[in-house]
Amino acid sequence: MSLNIIMSLVAVVVLGAIAFVGGSVPGLQSVFGIWIPYAAVAVFFLGFAYRIFKWAKSPVPFRIPTTCGQQKSLSWIKQNKIDNPSSTKAVILRMFFEIVTFRSLFRNTKSEIKGDRISYEWEIWLWLAALAFHYSFLAVLFRHLRFFLEPVPYCVKIVETLDSFFQVGLPVVFASGIVLFAAVLYLFARRVMIPQVKYISLIADYFPLFLILGIAGTGLYMRYFLRVDIVAIKTLTMGLVTLKPLIPANVSSMLFVHLFLISTLLVYFPFSKLMHMGGVFLSPTRNMANNSRMKRHINPWNPDLEFVTYEKYENDFREKMIEAGLPVEKES
Amino acid sequence: MNDKIKIIAGLAIFVLIFTCPFWINGGKAKDVPKPVLSEKALAAKTCVLPKDEMAKNHMQLLDGWRNSVVRNEQRVYIIKDANGIEKEYDMSLSNTCLACHTNKAEFCDKCHEYASVNPYCWDCHVDPNVKEASL
């Protein structure tokens, strides 16, 4: 096991332990249940906005889309409009499918040396796991609105009903929670088991995986095994979002672990690779139309220089050029 | 310039969506529901398990009962109460829980609405206290 894995795991376990101890001490419950979550939410939004503005300021003078298909050409050559967009409408389509279906990840290949040559093979599992992970995370996040809204809106109930479609056990099992946990486990296993991927994996890769594993794990543990007082927990969360924070009796210390790991994720988010959530919208290799051959894109900060013809240049420097033995068009 | 406006608009939408619990509730939390005990329950004084355990684990108890009846044909639940006296319950959702908690709307549903749980049990099981002639 590499040091990166051990350090990330230790970091998450220590964070969880701190919150568990803090959540068991009545005086510290308001720190872990109120002030740290509030601070984390503030850091998340400010950090997010900071990163976005920093990107927005970066100049992107020229068209640099990565193209993956035939560009717009003669009328009898078929253009691949989504993979090589030439209009804003097509760019919007391309961005939409990139964000919603991870099209570029779909093209993931793995390379292997077979015999004496290298072979590339389409590899779909990362794409599938990524889809499973992101969508189950979205469903879990959305379902959590039941703790933050009163009355609970109908759309949240619909998602709950769909999510509990299989009607397994009581409290009924939500598929998204299980899928989320399994997908993170797969993404971790993939990093460890593929040597090339393991070689390039850093703490910044393992830490968020363990963090999300910890968050999902404490959530599943509270719902299906520990059984916590949901009414008390909703009292706490409603207090948070109505800015009248309070710590009810009967809140399990495991909830503080859950909350503290989420706060950690929120603080960590804007300053890590997780910012691809905002970054995907601003990727110049995806969000630009490939129209360099139709439109002239002038670098906006080019200095405003006078245009000089060769004739004028020679007129200005003729004598010096003759002196230096350079050829000139006119002798005088 | 044009892009800056789009980016700021996108950021504003993001913040608006992700902070929705703060502004949808309008800063007002509804009172925490207090399930009302029916007269029958008040007379009985205790539930099947201690109150604290019931509040957290009643669905797991029901799951155990359901499995016991439907899979093992075991309908009698025997448990010692706080005073060490053995009590027998018929493992039945409608005939035991709701026979004592005769006010489902004021009791079960109070909590469930707040916690957004919609037990699908009532697709099949009836609330015996509701005398409406359906069908």
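Predicted model: local features only at pLDDT ≥ 70, side-chain atom pairs only at ≥ 80, totals over all residues.
Now for the charged side chains. Over all chains, the whole structure holds 17 salt bridges. Let me walk you through three of them.

In one, A:Arg103 meets A:Asp83, with 2.6 Å from N to O. A:Arg103 sits in helix 4, while A:Asp83 is in the loop between helix 2 and helix 3, so the pair ties together parts 20 residues apart in sequence. A:Asp83 is buried, at 7% relative accessibility, whereas A:Arg103 is partly exposed, at 28%.

Next, A:Arg286 and A:Glu98 form a salt bridge, and their closest N and O atoms are 3.8 Å apart. Here the loop between helix 12 and helix 13 holds A:Arg286 and helix 3 holds A:Glu98, so this pair links parts 188 residues apart in sequence. Are these two partners buried or exposed? Both are buried.

My last pair is A:Glu311 with A:Lys330, at 3.9 Å between the closest N and O atoms. A:Glu311 belongs to helix 13 and A:Lys330 to the segment after helix 13, so parts 19 residues apart are tied together. A:Lys330 is partly exposed, at 42%.

One more thing about salt bridges: shared partners join A:Asp83, A:Arg103 and A:Arg107 into one network.

Note on methods: Residues numbered from 1 in each chain as written. Chains lettered and ligands numbered in written order. Heavy atoms only, no water. Salt bridge = Lys/Arg side-chain N within 4 Å of Asp/Glu carboxyl O. Helix = DSSP H or I, 4+ residues; strand = E, 2+ residues; numbered from the N terminus. Buried < 20%, exposed > 50% of the residue type's maximum accessible area, 1.4 Å probe, protein only.
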